[in-house]
Amino acid sequence: MEKVCVVGLGYIGLPTAALLANRGYEVHGVDIQQDVVNTINQGKIHIVEPDLDTFVKAALNSGKLRADTKPANADVFIIAVPTPFHQKGYDIPTPNINYVIDATKAIAPYIKKENIIILESTSPVGTTEKVAQVLKEYGVDIDEVYIAHCPERVLPGKIMQELVENDRIVGGIDEKSTKKAANFYKNFVTGEVLETDAKTAELCKLTENSFRDVNIAFANELSIICDKYGINVWELRELANRHPRVNILYPGVGVGGHCIAVDPWFIVSDAQDKAKLIRTAREVNNYKTEWVIEKIKNEVLKFEIELGKKPKVACMGLAFKPDIDDLRESPALYIAKRLMAEKLDILAVEPNIEKFDEFEIYDFKIAIQEADVIVFLVAHKEFRNLNIINKKVLDFCGVWNKR
Ligand SMILES: NC(=O)c1ccc[n+]([C@@H]2O[C@H](COP(=O)([O-])OP(=O)(O)OC[C@H]3O[C@@H](n4cnc5c(N)ncnc54)[C@H](O)[C@@H]3O)[C@@H](O)[C@H]2O)c1
């Protein structure tokens, strides 16, 4: 197995392609975006990820990696394209596997006997089976190839390390597929490679993120209950966690990112009458964001009534979690935008971003000086131990309160 074709060169596909090329595989990377292909072929990268540039440059220099908009023949095909969701009005969001299906159709003409096809995209249960069906419809004899799912669980910021060190779950559409795909990963993964079937592997990844979502929902709900009683949720959390079998997570302004806020819907949309807790957790986490917006608006109203003028409100943090620049599905960004849309005087702060297309980003020290109301939305390290005097502070992430 010398040649690998990686389809989708984003946060997952490009690091995977670069890693494999540095391990001696001949890698053909594919992306539908011509500018992505051009950037990579110049030895550059279009995403922010530590060490990735070094890997890509080395892979290009050694001639082991090239990018193209079209697939090519290979021994192993890895599909790492996006799996977002469709949202229509107030319906339950449903998974959008169109990118996976398109990628499958694109590789079908290049697949030969004994090839391994691996779906790495986070996928609803049954997607690997659908990939097999599409390949069959497009003329591939699926009894002569190996088809498996291997969900990716790397943490952005540590991708190059975790691609190698994390345990991997590999589930084939049949046993021989599982074995073949697992053996491929064993060539470069130092973590354990655990074998199962495709459906279990698919649900495993969705379960991991739903577990996180449910636990965060508990913390978020608790913060709203504490607010009703005037209790400091950060203190309560610390006290309750002294119980040897209790471990409450940190509440926040909701749940964001492209995984935890998305993947539980893949279970809920397909098992609506079964996934009651998972659905409720999603709703609780979304509700927390709305609740935060209402709290801020009430504070602004109080200020206006008491002082007869409109306050400046510093929204501290826009990313979906602390100490990163990622704004995808970020509840903090959503809150800032909603407040701006409602004509509040907002000073948006995000120390991990210099410029933003839609509005001005303020330096956090200037924003604190200028604002009348300071709202902590994300617990970035820059916001710890700030000395704020004579300002109204709303801390929804525990960075200023006891933590
Ligand atoms: N980013 C993460 O941290 C992470 C972690 C675990 C799992 N995942 C999952 O991995 C998958 C990929 O995520 P990502 O973050 O790499 O996405 P991404 O958006 O960063 O990259 C996907 C790339 O695929 C390309 N693409 C789309 N359709 C294509 C097609 N038909 N052929 C070729 N290229 C195509 C896009 O142009 C894009 O460059 C998703 O299912 C995601 O949920 C991501």
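Visitor: Which residue stands opposite Ile361 in E13?

Guide: Ala348 stands opposite Ile361 in E13, and the strand labels come from DSSP runs numbered from the N terminus (helices are H or I of at least four residues, strands are E of at least two). This is a predicted model, in which local features need pLDDT of at least 70 and side-chain atom pairs count only at pLDDT 80 or more, whereas totals for chains, interfaces and linings use all residues. Residues are numbered from 1 along each chain as its sequence is written, and side-chain values use heavy atoms, with hydrogens and water left out.

Visitor: How many bridges join strand E12 to E13?

Guide: Two strands pair if DSSP finds at least two bridges between them. Here 2 bridges join E12 (residues 345-349) to E13, and these strands run parallel. They belong to an open sheet of 5 strands with parallel pairing, in the order E13-E12-E11-E14-E15, whose edge strands, E13 (361-362) and E15 (392-395), each pair on one side only.

Visitor: What is the order of the strands in the open sheet of 8 strands?

Guide: The order is E3-E2-E1-E4-E7-E8-E9-E10, and the pairing is mixed. Its edge strands are E3 (65-68) and E10 (193-197), each of which pairs on one side only. Within this sheet E1 (residues 3-7) and E4 (residues 76-79) pair in the parallel sense over 4 bridges, with Val4 opposite Val76 in E4.

Visitor: At what angle do the axes of helix H11 and helix H12 cross?

Guide: Axes are lines fitted to C-alpha atoms, for helices over the stretch in contact, and angles run from 0 to 180 degrees between N-to-C directions. The axes of H11 (residues 276-307) and H12 (residues 331-341) come within 10 Å and cross at roughly 40°. That makes H11 oblique to H12, because angles under 35 degrees count as roughly parallel, over 145 as roughly antiparallel, 65 to 115 as roughly perpendicular and the rest as oblique.

Visitor: Which residues in H11 meet H12?

Guide: Contact means heavy atoms within 4.5 Å. Thr289, Glu290, Val292, Ile293, Ile296 and Lys297 in H11 meet Pro331, Tyr334, Ile335, Arg338 and Leu339 in H12.

Visitor: Where do domain 1 and domain 2 lie along the protein chain?

Guide: Domain bounds come from an automatic or database domain assignment, which here divides the protein chain into domain 1 (3-191) and domain 2 (229-395). Their centres, taken over C-alpha atoms, are separated by 34 Å, and the contact takes 13 residues from domain 1 and 13 residues from domain 2.
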